[in-house]
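Welcome! Here is a short briefing to read alongside the picture below. Take a look around before you read on.

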Amino acid sequence: MSAVLIVLATVAMMEGVAYAVHRWVMHGPLGWGWHASHHDPDHHGVFEKNDLYAIVFSAFSIALFALGSRWWPPLWWIAVGMSVYGVIYFVVHDGLVHQRWPFRMVPKRGYARRLYQAHRLHHAVEGRDDCVSFGFVYAPPVDDLKARLRASGVLARRQSQHPDAWRPDRGED
């Protein structure tokens, strides 16, 4: 298999890995301790505890670079794919969605808007339960996510607890 195919396949598979880690590790009992900082609306500062995940994932990639350069070259190209996915994640999630760049840009249309809205809906839930949209590059249709939030009852609970809060069921941004 050519290096380009390995890299592209790895980038595509990383979205599945990221979804699984986000859904069952970060929102699970073992990983919530770090990830909770990412869902804290009162978080201040440049870094959050959740950023430790980037260090862990970088360590995996570095290990694959080392193993690939010494023993099995395809591992090196897998590490390249993981790194490419990491850059995409940084640009899309940290930059576009969470505005951790020194400038602000809210997408007005297209897939970038859908991705932005899907992740906002992910953060519409307080705590780790009943969240939707765990991917970072793939965004399910926003109407489907809103329907799942309504069906779970989380939006009604949130509205009763915080009547002046942003309401994703009204399509606000």
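Is Trp76 buried, partly exposed or exposed? Trp76 has a relative accessible area of 32%, so Trp76 is partly exposed; buried means under 20% relative accessible area, exposed means over 50%, and partly exposed is in between (1.4 Å probe, protein chains only). What you see is a predicted model, in which local features need pLDDT of at least 70 and side-chain atom pairs count only at pLDDT 80 or more, while totals for chains, interfaces and linings use all residues. Residues are numbered from 1 along each chain as its sequence is written, and side-chain values use heavy atoms, with hydrogens and water left out.

**Overall layout**

- The protein has seven helices and zero strands; both are DSSP runs numbered from the N terminus, with helices being H or I of at least four residues and strands being E of at least two.
- Read from the N terminus on, the elements go α-α-α-α-α-α-α.
- Of the 173 residues in the protein, 39% are buried.
- If you take contacts (heavy atoms within 4.5 Å) between residues at least 6 apart in sequence, 51% of them join residues at least 24 apart.

**Aromatic rings**

- A pair of aromatic rings is described by the distance of the centres and the angle of the planes.
- Rings of Phe, Tyr and Trp (its six-membered ring) pair if their centres lie within 6.5 Å; planes under 30 degrees apart are stacked, over 60 edge-to-face, and the rest tilted.
- Seven aromatic pairs are present in the structure.
- One of them joins Trp76 and Trp77 edge-to-face, at 4.7 Å centre to centre and with 80 degrees between the planes.
- Tyr89 and Phe136 make another edge-to-face pair, with 4.9 Å centre to centre and 85 degrees between the planes.
- Tyr89 belongs to helix α4 (residues 73-97) and Phe136 to the loop between α5 (110-122) and α6 (142-152), so this pair ties together parts that are 47 residues apart in sequence.
- Phe136 is buried, with a relative accessible area of 9%.
- Tyr19, Trp24 and Phe134 are linked into a cluster by ring pairs.
- Arg70 lies over the face of Trp71, 5.8 Å from the ring centre; a charge sits over a ring if NZ of Lys or CZ of Arg is within 6 Å of the ring centre and within 35 degrees of the ring normal.

- Most residues other than glycine have a negative phi.
- Gln99 is not a glycine, yet has a positive phi of about 55 degrees; Gln99 sits in the loop between α4 and α5 and is buried at 12% relative accessibility.
- Ser133 is not a glycine either, and its phi is positive at about 60 degrees.
- Where is Ser133 found? Ser133 is in the loop between α5 and α6, and is buried with a relative accessible area of 5%.

**The surface**

- Trp34, Leu52, Ile55, Val56, Phe57 and Phe60 make a nonpolar surface patch of about 520 Å².
- Patches are made of residues with over 30% relative accessible area and no salt bridge: like charges are joined within 9 Å, and nonpolar side chains (Val, Leu, Ile, Met, Phe, Trp, Tyr) within 5 Å.
- A salt bridge is a side-chain nitrogen of Lys or Arg within 4 Å of a carboxyl oxygen of Asp or Glu.
- Helix α3 (residues 52-70) gives the most to the nonpolar patch, with five residues.
- Phe57 has its place in helix α3 and is partly exposed, at 35% relative accessibility.

Methods. Areas by Shrake-Rupley, 256 points an atom, 1.4 Å probe, with all protein chains shown as cover.
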